[in-house]
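Please read the following note beside the sequence and the model. The points are numbered so that each may be checked in turn.

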Amino acid sequence: MTPKPGEDRDAEGCREPDTGRHETAEERADRLWTDLLQELRVAQTGVQILFGFLLAVVFQPRFVDLSDTDRTIYVVTVMLGSVTAAALIGPVSIHRLLTGHRLKPQTVAWASRLTVLGLVLLFCTMCSALLLILRVALHNALALWLVGAMALWFLVCWFVFPAWVLARSTPEDEK
């Protein structure tokens, strides 16, 4: 589809109003890629620290004292941490393997999708890690309530608030 005058297409091919930027599709893809890299740096650092912590837990003396339920939560959390790391590091691999093939807009689109998936997986990983830690620390049902409250907070900060801002935005806001 050819954009009408005053319209651009984003990296995923969606029409969007003229943002006041005069950039080619390649320049836009470069800018979006740079923005995505900055976002990934924050998320990847957090995932790597969390994953490192999770890997060390199994070697702690108290690990053998965990209940079967807590061990299961631990295994699920480690697996979630692994798939989260893969999803959030994946855009780097996509970029590296597609560089030089004149696919920058498609690269940005796929990397963006993988990053959103990584954020959803990070949400699950954080909740699972909190559940494990709070079950061991509290030994009661309060752990579930606290994890539920934190899950709600993560959802609001990461997904609900951005959706709310987007829903309230007007075309004038985008210029």
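**Note on the helices and cores**

1. Asp 70 is found in helix α2; helices (H or I, at least four residues) and strands (E, at least two) are DSSP runs, numbered from the N terminus. Asp 70 is buried, with a relative accessible area of 8%. Here buried means under 20% relative accessible area, exposed over 50%, and partly exposed in between, with a 1.4 Å probe and protein chains only. Leaving aside residues up to four places away in sequence, Asp 70 touches Leu 132, Arg 135 and Val 136, where contact means heavy atoms within 4.5 Å.

2. This is a predicted model, in which local features need pLDDT of at least 70, side-chain atom pairs count only at pLDDT 80 or more, and totals for chains, interfaces and linings use all residues. Residues are numbered from 1 along each chain as its sequence is written, and side-chain values use heavy atoms, with hydrogens and water left out.

3. The protein has four helices and two strands. From the N terminus on, the order of these elements is β-β-α-α-α-α. Of its 175 residues, 30% count as buried. Among contacts between residues at least 6 apart in sequence, 65% join residues at least 24 apart.

4. Which residues touch the most other members of the largest nonpolar core? They are Phe 63, Tyr 74, Phe 123, Cys 127 and Val 147, in a core of 18 residues. At least two residues of this core are supplied by each of α1 (25–57), α2 (68–98), α3 (104–138) and α4 (142–168). The largest share, six residues, comes from α3. A nonpolar core is a set of buried Ala, Val, Leu, Ile, Met, Phe, Trp, Tyr and Cys residues joined through side-chain atoms within 4.5 Å. Apart from this core lies another, of eleven residues, among them Trp 33, Leu 36, Val 47 and Leu 88.

5. Cys 127 touches Val 147, Ala 151 and Phe 154, not counting residues up to four places away in sequence. Leu 152 and Cys 127 are 25 residues apart in sequence and 10.0 Å apart in space, C-alpha to C-alpha. Leu 152 lies in helix α4 and is exposed, with a relative accessible area of 54%.

6. The axes of α3 and α4 come within 9 Å and cross at roughly 155°. That makes α3 roughly antiparallel to α4, since angles over 145 degrees count as roughly antiparallel, under 35 as roughly parallel, 65 to 115 as roughly perpendicular and the rest as oblique. Axes are lines fitted to C-alpha atoms, for helices over the stretch in contact, and angles run from 0 to 180 degrees between N-to-C directions. The contact of α3 with α4 comprises 21 nonpolar residues, no polar ones and one charged. Ala, Val, Leu, Ile, Met, Phe, Trp, Tyr, Cys and Pro count as nonpolar, Asp, Glu, Lys and Arg as charged, and the others, Gly among them, as polar.

7. How are α1 and α3 placed relative to each other? Their axes are 10 Å apart and the helices pack at an angle of about 20°; α1 and α3 are therefore roughly parallel to each other. By class, the contact of α1 with α3 has 16 nonpolar, four polar and three charged residues. Among the residues of α1 that meet α3 are Trp 33, Leu 36 and Val 47.
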